[in-house]
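Look over the sequence and the model first.

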Amino acid sequence: MSDFQERLAATQAILERIADDFEPAVFASSLAAEDMVLTDLILRKKLNITIFSLETGRLHAETLGMLDKVKETYGTEIKLFKPDAAAVENYVSQHGLNAFYDSVEMRKECCRIRKVEPLKRALAGNKAWVTGQRRAQSATRTELAIQEDDATHGLQKFNPLADWSEDDVWHYLRSNNVPYNPLHDKGYPSIGCEPCTRAIQPGEDVRAGRWWWENPDSKECGLHVVDGKLIRIKQAV
Ligand code: SF4
């Protein structure tokens with residue numbers, strides 16, 4: 001068995017264990033490449049893991065189009081969690097629709113309203129959640145465990161692709177004909193909200209297109225917390 005086949009078999013086994021031993025379990029999908037691998041593995045085997053996405057209200061049309069592609073391909077609808085409408089209205093009326101460009105605080109407040117709070121709701125009442133994070137995505141992910149105790153949300157967190165390479169991801173997607181976000185072919189290795197993501201140039205860091213106007217040290221959206229500290233991520237859920 002090749003190394004890739006071993007990693008794939010291990011990932012399938014982890015997902016089956018989550019479905020069997022951690023009911024109810026959810027998978028937080030950003031609809032990006034890694035998450036389409038997990039979507040395919042979960043839905044092909046009809047595993048008992050509910051897939052959801054955070055519909056921030058500011059996603060690219062291409063990302064929203066993935067919801068239809070998943071439905072067409074697998075006959076399953078991804079559950080959507082949206083921000084509290086009153087909180088969004090309040091932010092926009094007080095600060096403006098795109099106030100996140102004004103300061104790190106305004107950006108974090110927008111992420112809190114549109115991502116962090118809906119994530120909390122999405123995870124409530126579950127025993128485990130699954131993410132598509134990989135160790136190779138950034139220097140801060142090198143210690144990423146397959147299973148972590150998520151004390152912030154009070155459940156187990158699984159990263160079944162932790163030891164996959166980017167080549168593994170694309171090999172899986174292409175050899176299994178899995179649909180993927182067309183933005184990946186247009187210079188977007190990492191995809192978040194439309195106004196906060198842009199294409200990168202060859203040779204740039206994969207995260208260079210996220211919140212590009214900010215100092216790299218402030219780039220996080222608050223979705224992933226390790227040992228009480230926010231960590232940087234390649235793609236926001
Ligand atoms: S990524 Fe940008 S638009 Fe999306 S929630 Fe964060 S600040 Fe708001």
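Helices (H or I, at least four residues) and strands (E, at least two) are DSSP runs, numbered from the N terminus. Axes are lines fitted to C-alpha atoms, for helices over the stretch in contact, and angles between N-to-C directions run from 0 to 180 degrees.

The model is predicted: local features need pLDDT of at least 70, side-chain atom pairs count only at pLDDT 80 or more, and totals for chains, interfaces and linings use all residues. Residues are numbered from 1 along each chain as its sequence is written, and side-chain values use heavy atoms, with hydrogens and water left out.

**Overall layout**

The protein has six helices and eight strands. Along the sequence they follow the pattern α-β-α-β-α-β-α-α-β-β-β-α-β-β. Of the 237 residues, 52% are buried (under 20% relative accessible area, with over 50% exposed and partly exposed in between; 1.4 Å probe, protein chains only). Contact means heavy atoms within 4.5 Å. Among contacts with a separation of 6 or more, 69% join residues 24 or more positions apart.

| Pair | Angle | Axes apart | Crossing |
|---|---|---|---|
| α2 (residues 33-44) and α6 (residues 166-175) | about 50° | 9 Å | left-handed |
| α1 (residues 3-21) and α2 | about 60° | 11 Å | right-handed |

A crossing is left-handed if the near helix is turned anticlockwise from the far one by less than a right angle, and right-handed if clockwise. Angles under 35 degrees count as roughly parallel, over 145 as roughly antiparallel, 65 to 115 as roughly perpendicular and the rest as oblique.

Take α2 and α6. Their angle of about 50° makes them oblique to each other. From α2, the contact uses A33, E34, M36, V37, D40, L41 and R44; from α6, it uses V169, W170, Y172 and L173. By class, that gives eight nonpolar, no polar and three charged residues. Here Ala, Val, Leu, Ile, Met, Phe, Trp, Tyr, Cys and Pro count as nonpolar, Asp, Glu, Lys and Arg as charged, and the others, Gly among them, as polar.

Now α1 and α2. They pack at about 60°, so α1 is oblique to α2. L8, T11, Q12 and L15 of α1 meet L38, L41 and I42 of α2. This contact has five nonpolar, two polar and no charged residues.

**Cysteines**

How many disulfides does a search of the whole structure find? The count is zero, where a disulfide is a pair of cysteine sulfur atoms within 2.5 Å. C193 counts as buried because its relative accessibility is 9%. C196 is buried too, at 8%.
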